[in-house]
Amino acid sequence: MKTLGILGGMSWESTQSLYALINRGVAARLGGLHSAQLLLHSVDFAGIAALQKAGSWGEAAAVLGEAGAGLRRAGAEALLIASNTMHLVAMEVERAAGLPVLHIVDATGEALRAARVRRVGLLATRFTMEQGFYRDRLWERFGVETIVPDEAGRAEVHRLIFDELCRGRFEPSSREALRGQVAALADRGAQAAVLGCTELGLLLPAGSPAALPLFDSTELQACAAVEWMLG
């Protein structure tokens, strides 16, 4: 089994779910008492969130790059960034850490392509929905067109993530609001919706009743991690 390093804590609510998913995946494949060989560096999210808000992506990349280099020295052979948003600086983290990043958009794109989805709605932080890194990679590598909610919808999903989900609040009213955003994307021609923030699947898991099929990027990232570790 290969050793995987995880850059987590963004937020820890979703990192603990990712950790469990990877370990369950390894146990399902190998049986018995097997679990995943993982190294975790969990950052203080307050500092990263402040850098995101300020648009200081280079500084945020440096923090994760240094953490990734530490994981490499500890024995990690590749990295997982436990945050969709921070994949905006995945290339910079790779260079600083000296390790490949198993990219969450690639895991998501592979699943969308397998399901023959050509137009997908993206629900995520404002950074992920409005920056081009997610949209461009899905199109260039997988031929999948991406649409996002309107301005009010983007603001609501972003608020829900930072004010509630990252703080461990999972309100029924927020679940219904998220379902409403999925329905709005369906009305605009989306064939599926990507839960493109690691916390969103905690509120509305893939397979939940919704106007579109849901693709949980965290679950797909965990599956890709298990495949890499045992491949």
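These entries record what I looked up in a predicted model, in which local features need pLDDT of at least 70, side-chain atom pairs count only at pLDDT 80 or more, and totals for chains, interfaces and linings use all residues. Residues are numbered from 1 along each chain as its sequence is written, and side-chain values use heavy atoms, with hydrogens and water left out.

**Sheet**

I looked up the strand order and found an open sheet of 3 strands, β2-β1-β3, with parallel pairing. I took helices (H or I, at least four residues) and strands (E, at least two) as DSSP runs, numbered from the N terminus; two strands pair if DSSP finds at least two bridges between them. The edge strands are β2 (38-42) and β3 (78-81), each pairing on one side only. From one strand to the next, I noted an average twist of 25 degrees. Strand β1 (residues 4-8) is joined to β3 by 4 bridges; I noted Leu 79 in β3 as the bridge partner of Gly 5.

**Helix on the sheet**

Helix α1 (residues 12-30) packs on the sheet and touches β1, β2 and β3, contact meaning heavy atoms within 4.5 Å. The direction of α1 makes about 175 degrees with that of β2; axes are lines fitted to C-alpha atoms, for helices over the stretch in contact, and angles run from 0 to 180 degrees between N-to-C directions.

**Helix pair**

I then examined helix α2 (residues 45-54) and helix α3 (residues 57-74), whose axes come within 8 Å and cross at roughly 155 degrees. Helix α2 is therefore roughly antiparallel to α3 (angles under 35 degrees count as roughly parallel, over 145 as roughly antiparallel, 65 to 115 as roughly perpendicular and the rest as oblique). In α2, Ile 48, Leu 51 and Gln 52 meet Trp 57, Glu 59, Ala 60, Val 63 and Leu 64 of α3.
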